[in-house]
Every structure is written in structure tokens, then in C-alpha cells.
Amino acid sequence: MTTGDYTSEELANELKELELPSFTAGQAVALGLMATDRAIAENLPLVIEVHHLGRLAYRAALPGALPDSDDWIARKRRTVERYHRSTLATKVKYEERGTTFNESTGLSEIEYAAHGGGMPIVVGGVGVVGGFYASGLPEVDDHRFLVQCLRDLRN
């Protein structure tokens, strides 16, 4: 069994489903605001970040968010930027092999985290143009929060 009962195939299909036709700096800010509004409405203690073309476009630390979430986001961001898939997909890939991300890659747990809550932002026909991150909930819930926000943005 893998984290959240996800499979690598399901997570790859999910990422494909979440491809956007475009992603501008304005859309990055809009995504951050939409995610923040949702988190506030649901009383979620999150830190949220959106990156566009290598730059921080949006960041919010909501009531109840812990300082550790800043570190988690930085570690998730490095993982997404290196592997161009969600942090949960990266984790599940290694779980399916009976090992862990850090064991298999040799990458430092201080620098990289394969825990749910990091998503690449992919534009169809272009590739990865940004990243979307949340930290503060259990990792599968962080992942699901990001997915729902991206689905809403896509619609």
C-alpha cells in the first residue's frame, strides 16, 4: 500500500489532467489568492506558495500555520523543481519499489522532501512553468488541497 492508496500511474494521470492552457504571472497570483480564500474558509493552518518561471509570485502564511511549514515548502519546492512531478508522486514511486526517496536518491532530507504538498504547474505543449505548494496539513491532505485548487483554476 502506498501513501493515500495512490499509485504512480494515478498521480501521473492526475498531473496530465491538471495541465493548463497558459499560466501567467497574473494567474499565479490569482491561484494564490483563490487557495488562500479556500484555506481561510475551511480554517486550514497553511503556508501557501505559488512560483512562476522561477520566481516567487505569491506567498501566504495563514493563522495557525507553524514556522516549520516554511522549511517544508522549501524542501518540497526543490523536489518539484528537480523531478517535475508532484512531491506525492515522487514519494509513491519509491514506496512502490519498497524503499524511500531519500534512501534511493541519496539526497539530504534537510534539502529535499518527497511529501505531499508540492505540484509542478504544467502548460500543455510547453512543460513546467511554475510550482504550487502547501504545508500545514497531513501530506495527503496538502496534496488534495493543491489538486482541488488547480482543478478550480482550470475550470
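Select N43: its relative accessibility is 67%, so N43 counts as exposed. Here exposed means over 50% relative accessible area, buried means under 20%, and partly exposed covers what lies in between, with a 1.4 Å probe and protein chains only. The model is predicted, so local features need pLDDT of at least 70 and side-chain atom pairs count only at pLDDT 80 or more, while totals for chains, interfaces and linings use all residues. Residues are numbered from 1 along each chain as its sequence is written, and side-chain values use heavy atoms, with hydrogens and water left out.

N43 sits in the loop that joins helix 2 to strand 1. Helices (H or I, at least four residues) and strands (E, at least two) are DSSP runs, numbered from the N terminus. N43 is not a glycine, yet its phi is positive, near 55°.

**Stop 1: helix 2 against helix 6**

Next, select residues 25–41, which form helix 2, together with helix 6; their axes come within 10 Å and cross at roughly 125°. Axes are lines fitted to C-alpha atoms, for helices over the stretch in contact, and angles run from 0 to 180 degrees between N-to-C directions. Helix 2 and helix 6 are therefore oblique to each other. Angles under 35 degrees count as roughly parallel, over 145 as roughly antiparallel, 65 to 115 as roughly perpendicular, and the rest as oblique. The crossing of helix 2 with helix 6 is right-handed. A crossing has that hand if the near helix is turned clockwise from the far one by less than a right angle, and is left-handed if the turn is anticlockwise.

Show the side chains at this crossing. Helix 2 contributes L31, M34, A35, R38 and A39, and helix 6 contributes F145, Q148, C149, L150, D152 and L153. Contact means heavy atoms within 4.5 Å. By class, these residues are 8 nonpolar, 1 polar and 2 charged. Ala, Val, Leu, Ile, Met, Phe, Trp, Tyr, Cys and Pro count as nonpolar, Asp, Glu, Lys and Arg as charged, and the others, Gly among them, as polar.

**Stop 2: helix 1 against helix 6**

On the helix 1 side the contact uses L11, E14 and E17; on the helix 6 side it uses H143, V147, R151 and R154. This contact has 2 nonpolar, 1 polar and 4 charged residues.

Now pick E9, which belongs to helix 1 (residues 8–17). With a relative accessible area of 59%, E9 is exposed. Draw a distance from E9 to I73: the two are 64 residues apart along the chain, and their C-alpha atoms are separated by 24 Å.

**Stop 3: helix 3**

I73 is one of the buried residues of helix 3, along with S69, A74, R75, K76, T79 and V80. Select residues 68–83 to see the whole helix. Its 16 residues, at 1.5 Å a residue, should span 22 Å, and its end C-alpha atoms are 23 Å apart, which agrees. The expected span is 1.5 Å times one less than the number of residues.

What do the buried residues of helix 3 pack against? The partners are strand 1 (47–52), helix 4, helix 5 (101–105), strand 3 (118–123), strand 4 (127–135) and helix 6 (139–154).

Zoom in on S69, which is part of helix 3. S69 counts as buried because its relative accessibility is 5%. Setting aside neighbours within four places in sequence, S69 is in contact with V47, S135 and G136.

**Stop 4: beyond helix 3**

Select H84, in the loop between helix 3 and helix 4. H84 is another non-glycine residue with a positive phi, about 55°. Its relative accessible area is 45%, so H84 is partly exposed.

Go on to T90 in helix 4 (residues 87–96). T90 counts as buried, at 0% relative accessibility. Residues up to four places away in sequence not counted, T90 touches T79, Y83, R85, F101 and A114.

**Last stop: E111**

E111 is in the loop between helix 5 and strand 3. Is E111 buried or partly exposed? E111 is partly exposed, because its relative accessible area is 35%. Not counting residues up to four places away in sequence, E111 touches A74, R75 and R78. A74 is 37 residues from E111 along the chain, and the C-alpha atoms of the two are separated by 7.8 Å.
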